[in-house]
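Subject: The model, and some notes on it

Hi there,

Here is the structure I promised to pass on. My notes follow below it, so please have a look whenever you have a moment.

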Amino acid sequence: MDSRYNPASIEEKWQQTWAEQNLDQMPENTEKPKFYALSMFPYPSGNLHMGHVRNYTIIDVIARLKRMQGYRVLNPMGWDSFGLPAENAAIERGIPPAQWSYQNIAQMKDLFHRLGISFDWTKEVTTCSPDYYRWTQWIFLQFLEAGLAYQKEAAVNWDPIDQTVLANEQVDNEGRSWRSGAQVERKLLRQWFLKITDYAEQLLNDLDKLPNWPERVKLMQANWIGKSVGAYLEFPIVGMNEKIAVFTTRPDTVYGVSYVVLAPEHPLTNRVTTPDRKAAVETFAKEVAAQSEIDRTAEDKPKRGIPTGGKVINPFNGEEIPIWIADYVLYEYGTGAVMGVPAHDTRDFQFAQQYQLPITIVIVADDEVPLTEAYTEPGIMINSESFNGMDSIKGKDAIIRYAENAGCGKARVQYRLRDWLISRQRYWGAPIPVIHCPNCGTVPVPASDLPVLLPENVEFTGKGSPLAKLEDWVNVPCPSCGTPAKRETDTMDTFIDSSWYFLRYPDARNEEKVFDTAKTNDWMPVDQYVGGIEHAILHLLYSRFFTKVLRDRGLINCDEPFKRLLTQGMVQAMAYKNPVTGKYVPPTDLDPANPKDPQTGEALQVFYEKMSKSKYNGVDPLKFMAKYGADTARMFILFKAPPEKDLEWDEADAEGQFRFLNRVWRLVTEFAAPPPTPAGPGGEKDNLSKIEQDLRRAIHIAIKEVSDDLEGEYQFNTAVSEMMKLSNALNDAQCKESPIYAEGISTLILLLAPFAPHIADELWHLIGNSESVHAQTWPSVDASALVTDEITLVIQIMGKTRGTIQVPSGADKAALEKYARESDLAKRHLEGKEIKKVIVVPGKLVNFVVA
């Protein structure tokens with residue numbers, strides 16, 4: 001046996017052995033309790049970065065631990081493989097998206113193997129594979145049948161050069177397309193939506209069913225759903241038989257409305273605009289259409305508006321008030337209109353002052369005083385006719401009752417959450433399985449005809465949807481009446497694919513059904529989900545939505561998909577930035593003590609930032625593993641920081657973990673004998689020497705502390721520290737021939753196994769075992785081993801610690817004082833001094849108060 005630790009020689013061997021033994025496969029035995037361990041599946045970019053290493057190492061430790069604790073474990077992996085990067089690769093490199101995706105999948109799969117992650121690859125799913133997106137399309141039809149999928153016109157970001165819709169994130173700060181550079185336009189297009197708003201109340205209330213989710217994530221979701229309780233009020237338009245509807249959480253301020261504001265893109269805008277205002281309104285609306293939604297709603301930007309010339313009647317006091325349009329009102333939000341109450345809304349107050357609009361005070365704290373800013377607190381209603389003198393909180397209900405009786409409004413609960421726009425004018429996504437017939441309207445593709453396959457004879461130009469140009473694919477007979485009809489050419493948002501993948505894993509090879517309900521119900525919900533905080537809202541919210549819909553369709557029986565959620569922090573590394581140019585500089589050839597830009601000579605800013613190629617601070621996992629091995633990569637990632645905190649990369653710390661594994665290697669190789677049966681509750685344990693008792697205590701403290709660190713809030717970093725302590729105790733032990741020392745060696749290997757699986761299995765076999773260490777039972781604590789015969793007693797003089805002594809653990813107060821007085825330590829410090837008082841804290845300290 002080589003006395004040196006050489007990870008390269010053992011890691012590949014054990015990866016091959018585990019695969020041959022099927023150690024990682026989901027067991028069919030249902031007698032054991034289940035544990036579904038899941039990490040968010042990656043987009044197959046082809047590159048594994050340290051963020052991946054952290055995410056998948058965390059879930060692997062949990063999965064390996066649970067197997068050793070007697071659970072049947074499902075720890076699957078798949079690929080979120082539809083999306084824009086593959087289509088861009090097709091445009092830029094002439095590689096079909098499928099080929100690019102599968103090449104990357106093969107590359108990343110190999111990297112996972114090399115990292116020693118115990119995924120069950122028999123459960124692998126790939127979202128761009130027809131055997132997966134067939135069922136994505138089938139689920140869409142379930143939504144359609146339930147009335148939860150529909151088409152409507154919606155305002156979108158439109159790139160006029162590339163002829164496609166852009167997500168908000170693809171529009172830069174100047175309102176230009178991230179790819180073509182074109183000025184983005186707001187355009188109304190007919191789009192597909194899912195009615196997530198039908199589940200808004202459930203999605204909000206059921207956050208209370210998730211005690212093991214981070215509060216931060218639950219708060220983010222609650223804010224995104226954005227429940228508001230208020231009133232729906234209607235303002236009749238002067239000269240028209242139409243009304244402008246608004247939602248407000250402050251119906252008690254309705255007598256203070258001095259204007260209403262429409263979204264520029266609201267269908268009523270053109271109709272309420274007077275001829276003399278037409279040109280100005282059209283110009284303004286065109287300017288606003290060029291702005292992104294983010295720009296229009298930004299808190300720190302001044303609000304812009306323009307009068308339309310139209311007017312409405314306030315139904316509560318009969319006053320005519322002007323209709324404006326403004327950039328901050330969006331047609332997709334609420335009713336697409338708001339009422340302006342400058343005296344009692346901060347934004348309205350600023351807008352009214354900017355455009356010299358009337359400000360009417362209708363709520364006061366005590367006496368009416370001139371306003372220098374909006375008064376937004378509750379108070380007493382004034383200037384409100386019959387409601388004068390009423391408490392404004394009670395006034396809300398009173399105004400709503402009045403509106404309902406007068407037919408001009410009603411109570412309403414509204415949500416910030418909007419229905420989910422899922423249409424994409426792209427090729428590389430699941431085709432929406434409907435056909436548009438001139439006679440029958442929108443017709444679902446029959447389930448027996450699924451999947452609607454993506455055609456392969458596609459030309460990628462980057463201009464518009466490639467599918468819309470394929471007439472032989474688009475033109476099909478209607479499945480209902482046979483009339484010539486057209487396929488839907490939009491594909492689905494890729495978030496659809498990731499909203500149900502966790503339901504497919506338990507039955508990933510089923511060709512007859514989306515999944516076997518009994519199998520999926522057996523494994524759901526996921527017991528531990530691990531992923532980045534960036535998915536806190538969209539992916540997690542959509543997955544919760546899908547789970548509830550499929551439950552209501554009778555396919556599953558759980559309310560929530562993920563029982564526990566861990567959002568791991570980012571992996572950061574040192575970055576060097578020129579503060580003048582804003583450019584990042586590669587760290588090569590820089591003087592760490594005085595880094596300067598090699599081109600300009602300017603001093604560089606140095607700080608930790610998320611690893612990124614563009615910031616030149618990434619660490620290639622392959623190069624790192626070639627130098628130190630996968631086990632060291634895993635140990636460093638786990639030791640450096642608690643999992644939910646950001647991790648600051650430091651190769652010196654990584655070398656520290658490599659040295660620790662080397663120490664463990666030397667300890668075990670020097671021992672290199674079969675482990676005896678650990679000392680039991682009787683027999684030899686009762687005859688242990690003091691040295692053996694102390695070592696056994698260290699062993700069982702390690703078992704207890706590591707086990708505690710791996711339950712509840714995962715503290716992998718302190719668990720590694722406990723293993724280091726045990727390693728030190730074994731190294732220092734003066735009883736290396738004792739069965740207790742053998743127990744310590746085997747325990748250290750067992751504790752190490754989930755963290756550093758390759759070296760653990762190698763050492764486990766080295767000490768005479770034939771089965772994998774990963775098939776062993778997790779060690780249990782012997783409480784009697786933790787009991788100590790002696791305790792450490794602190795000696796203090798006037799409250800200042802002077803040292804410690806060892807005393808019998810059962811000593812009472814009088815005995816402790818006696819031991820302290822008679823100790824050499826106390827005698828030395830008390831010589832020539834008068835003891836005024838002795839304070840004894842049993843089990844902890846004795847404090848002498850002297851004159």
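How much accessible surface does the chain have, and what share of it belongs to carbon and sulfur atoms? It comes to about 37900 Å², with 49% belonging to carbon and sulfur atoms; the areas are Shrake-Rupley values with a 1.4 Å probe, and for residues only the protein chains shown count as cover.

Before going further, please keep in mind that this is a predicted model, in which local features need pLDDT of at least 70 and side-chain atom pairs count only at pLDDT 80 or more, while totals for chains, interfaces and linings use all residues. Residues are numbered from 1 along each chain as its sequence is written, and side-chain values use heavy atoms, leaving out hydrogens and water.

**The chain as a whole**

The C-alpha atoms fill a box of roughly 100 × 80 × 65 Å along the principal axes. There are 26 helices and 32 strands, taken as DSSP runs numbered from the N terminus (helices: H or I, at least four residues; strands: E, at least two). Of the 851 residues, 53% are buried (under 20% relative accessible area; exposed is over 50%, and partly exposed lies in between, with a 1.4 Å probe and protein chains only).

**Helix H7 and its surroundings**

Helix H7 spans residues 215-225, and Val 217, Lys 218, Gln 221 and Ile 225 are buried in it. Seen down the axis, these buried residues fall within an arc of 100 degrees, so they line one face of H7; the arc is that of the directions from the helix axis to the C-beta atoms. On the face turned away from them are the exposed residues Glu 215, Arg 216, Leu 219 and Asn 223. The buried residues of H7 pack against several elements, among them H6, strand S8 (227-236) and helix H16 (538-552). After H7 comes Gly 226, with a positive phi near 60 degrees.

H6 (residues 200-205) holds Glu 201, which is partly exposed at a relative accessible area of 28%. Leaving aside residues up to four places away in sequence, Glu 201 touches Lys 227 and Tyr 415 (contact: heavy atoms within 4.5 Å).

**A three-stranded sheet**

Further along, three strands make an open, mixed sheet in the order S27-S26-S28, where two strands pair if DSSP finds at least two bridges between them. S27 (605-610) and S28 (647-648) are the edge strands, each pairing on one side only. S26 (residues 571-577) runs antiparallel to S27, and six bridges join the two. Ala 575 stands opposite Phe 607 in S27.

Best wishes
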